[in-house]
Amino acid sequence: GQPCAVGMDIARRGDLTVITVLENIFGLWIAREIIELQNVKFSDQMAELARVMRQYRVVCAAIDQTGMGEKFVEDAKDLFGKERVAGILFTGPAKLNMATALKEAMEDRKLLIPVSVELRGDLHSVKRVQGASGAPRLVADRSEVEGSHADRFWSLALAVLASAGEVVDFSLCASAGTTAGAALNDYESTDRGWGTVTRVAN
């Protein structure tokens with residue numbers, strides 16, 4: 001397989017844990033798999049991440065390290081290697097940077113994502129507002145997407161962040177445009193579009 005980047009937004013109760021897998025096909029990042037877990041034990045969440053790390057050629061996995069994610073990230077680094085796992089603290093500036101990078105990737109048409117009402121709802125639920133101090137901050141309306149507090153958004157943003165470490169040099173690819181187009185034809189387009197969305201709830 002081609003190089004992959006993984007983003008994982010962590011939750012335990014109520015909100016979703018979402019794992020997004022992006023695969024690099026000649027500079028285009030394709031969402032190969034999006035896994036949604038709700039009310040799932042951390043041990044089972046780690047088992048699902050382990051399955052992803054085995055199945056795909058993961059260059060980097062960016063994981064939400066905020067709060068309950070602290071120990072999860074430590075354990076993931078022990079299991080998969082510090083060079084492949086990055087813990088991300090969701091500070092205000094970090095969230096703005098990730099959201100901006102995701103917005104730019106989508107505007108530059110560097111992402112192919114599944115046709116999903118839930119994912120689209122999450123992407124539209126995050127809004128930039130001006131805080132009391134005048135500094136911009138991001139807010140998400142939980143009611144717009146049932147069972148999610150923009151969790152799909154942040155998982156995708158983390159995957160885009162993880163993808164920043166993998167750069168494809170087009171000068172190494174003969175007829176890169178033609179080759180990329182042929183490679184994309186190998187992907188099956190389903191009623192959900194590119195990739196798959198899997199939901200697991202306990």
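Author: Happy to! Please keep in mind that this is a predicted model. By the ring-pairing rule, the count comes to three aromatic pairs. Ring pairs join Phe90, Phe153 and Trp154 into a cluster.

Phe153 and Trp154 also take part in the helix contact, so let us turn to the two helices. The axes of helix 3 (residues 92–107) and helix 5 (residues 151–163) come within 9 Å and cross at roughly 80 degrees. Because an angle of 65 to 115 degrees counts as roughly perpendicular, helix 3 is roughly perpendicular to helix 5. From helix 3, Lys95, Met98, Ala99, Ala101, Leu102 and Ala105 take part, and they meet Phe153, Trp154, Leu156, Ala157, Leu158, Val160 and Leu161 of helix 5. Sorted by type, the residues of this contact are twelve nonpolar, no polar and one charged.

Now to the core. The largest nonpolar core has 28 residues, and the members that touch the most others are Leu22, Met98, Leu102, Leu111, Phe153 and Trp154. At least two residues each come from strand 2 (16–25), strand 3 (28–38), strand 4 (57–64), helix 3, helix 4 (117–125) and helix 5. Helix 5 gives the largest share, eight residues.

Methods: Residues are numbered from 1 along each chain as its sequence is written. This is a predicted model: local features need pLDDT of at least 70, side-chain atom pairs count only at pLDDT 80 or more; totals for chains, interfaces and linings use all residues. Side-chain values use heavy atoms; hydrogens and water are left out. Axes are lines fitted to C-alpha atoms, for helices over the stretch in contact, and angles run from 0 to 180 degrees between N-to-C directions. Helices (H or I, at least four residues) and strands (E, at least two) are DSSP runs, numbered from the N terminus. Angles under 35 degrees count as roughly parallel, over 145 as roughly antiparallel, 65 to 115 as roughly perpendicular and the rest as oblique. Contact means heavy atoms within 4.5 Å. Ala, Val, Leu, Ile, Met, Phe, Trp, Tyr, Cys and Pro count as nonpolar, Asp, Glu, Lys and Arg as charged, and the others, Gly among them, as polar. Rings of Phe, Tyr and Trp (its six-membered ring) pair if their centres lie within 6.5 Å; planes under 30 degrees apart count as stacked, over 60 as edge-to-face and the rest as tilted. A nonpolar core is a set of buried Ala, Val, Leu, Ile, Met, Phe, Trp, Tyr and Cys residues joined through side-chain atoms within 4.5 Å. Buried means under 20% relative accessible area, exposed over 50%, partly exposed in between (1.4 Å probe, protein chains only).
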